[in-house]
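Let's walk through this protein together, one region at a time. Have the sequence and the model open side by side as you read.

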Amino acid sequence: MLDPTSGRTNSDGLTGPTLGSPSDPRPAFGAVRGALRSTTDLPRLGVGAAKSQSPARPDRLPAYLEDNYRWAYLRPASLKIFDRNLVVSAILWGCYGRLKRAAFVELEPGQKVLQAACVYGDFSTHLAGVIGPEGSLDIIDIVPLQVANSRRKLRRFPHAQVRVADAAEPGGGPHEVVYCFFLLHELPDQHKRHVIDALLDQVTPGGKVVFVDYHQPVRLHPLKALMGAVFDRLEPFAKALWRREISSFATSAEEFTWRKETYFGGLYQKVVAARRQPSDENRSAP
Ligand SMILES: C[S@@+](CC[C@H](N)C(=O)[O-])C[C@H]1O[C@@H](n2cnc3c(N)ncnc32)[C@H](O)[C@@H]1O
């Protein structure tokens, strides 16, 4: 059996900004969540939604999003707080730039690209710039507020479109490269499976899906206890990525080659699933 994570390399560096005290994750995440409680709720999907070009437009938001991430994605005030490079970089312990660079090396200018969910900060504008006007960027998100916000950010890039769709039914394919940047850890395991399968379905032979997300840090990682506490309190589905390989959620993992790199003491991972071509040798299953 081929180890799906073979080819794993480790490009660590255990330095980064200190955000909050190790015994109290709230300054980094929970305090912001508390501050958002008084803001106006976002209407459910379909009310005041941006115009969709998606063949599979969801008619309501999934419970995991309503129950766990209302504070982060469903309130207009969230955009003002979180949609800044500095904030995203702080939440990612200074690794935002490094993780974006790791993601974008998988891409060639002119390619047809899908981004499976909106991302705060300049991820999408940066990505659109790397793709260039010869290519295309198709961004989906299940929350109309996030779609409208990304459309605003991408106004300068006519080769980028943003639409409402569930990553479990993205449509618009096939694509040459698909990005899934910090979405999986927010999904219950069953949704992880659906989204991973749907994104893998989007790519033709030679195409690839690039997952960037959390990963189990090394045993003595100074942030391991803090991140564990943050996840226990705020991100109930994230620790599944500490226990399981992303490839293990895929129904047809053997149709892909899997490559993994970890960063920042293992706290983050990039997993690249490339669809095998008929000419590929070593067609062994993971
Ligand atoms: C990419 S993830 C996390 C990104 C990261 N925390 C950041 O810096 O923005 C957040 C986005 O995923 C979206 N999302 C959640 N579930 C989704 C799904 N099933 N399909 C498409 N988008 C989804 C949310 O609406 C949100 O905009």
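Which residue in E8 is the bridge partner of Tyr 263? The partner is Tyr 268. Before going on, some ground rules: this is a predicted model, in which local features need pLDDT of at least 70, side-chain atom pairs count only at pLDDT 80 or more, and totals for chains, interfaces and linings use all residues. Residue numbers start from 1 along each chain as its sequence is written.

Strands E7 (residues 256-263) and E8 (residues 268-275) are DSSP runs of E with at least two residues, numbered from the N terminus, while helices are runs of H or I with at least four. E7 and E8 pair in the antiparallel sense over eight bridges, where pairing requires at least two DSSP bridges. Four residues lie between the strands, and Phe 264 takes a positive phi near 55°. Seven of the eight residues of E7 are buried, so this strand is largely enclosed by the rest of the structure. Here, buried means that 20 or more other C-beta atoms lie within 10 Å of a residue's own, exposed means 12 or fewer, and partly exposed is in between, with C-beta atoms placed from the backbone.

Now zoom out. The protein has 11 helices and eight strands, and 39% of its 286 residues count as buried. Leaving aside neighbours within four places in sequence, Ala 116 is in contact (C-beta atoms, placed from the backbone, within 7 Å) with residues including Ile 140, Ala 167 and Leu 199.

Next, look at helix H7 (residues 123-131), where Thr 125 is found. Thr 125 counts as partly exposed because it has 17 C-beta neighbours inside 10 Å. Beyond its neighbours within four places in sequence, Thr 125 is in contact with Lys 153, Leu 154 and Phe 157. Phe 157 is 32 residues away along the chain, yet its C-alpha atom and that of Thr 125 are separated by 7.9 Å.

Finally, a word on confidence. The mean pLDDT (the predictor's confidence in each residue, from 0 to 100) is 84, and 78% of residues reach 70 or more. Over residues 1-55, however, the pLDDT is below 50, although this stretch has 97 contacts in the model beyond near neighbours in sequence.

Technical notes
Contact = placed C-beta atoms within 7 Å.
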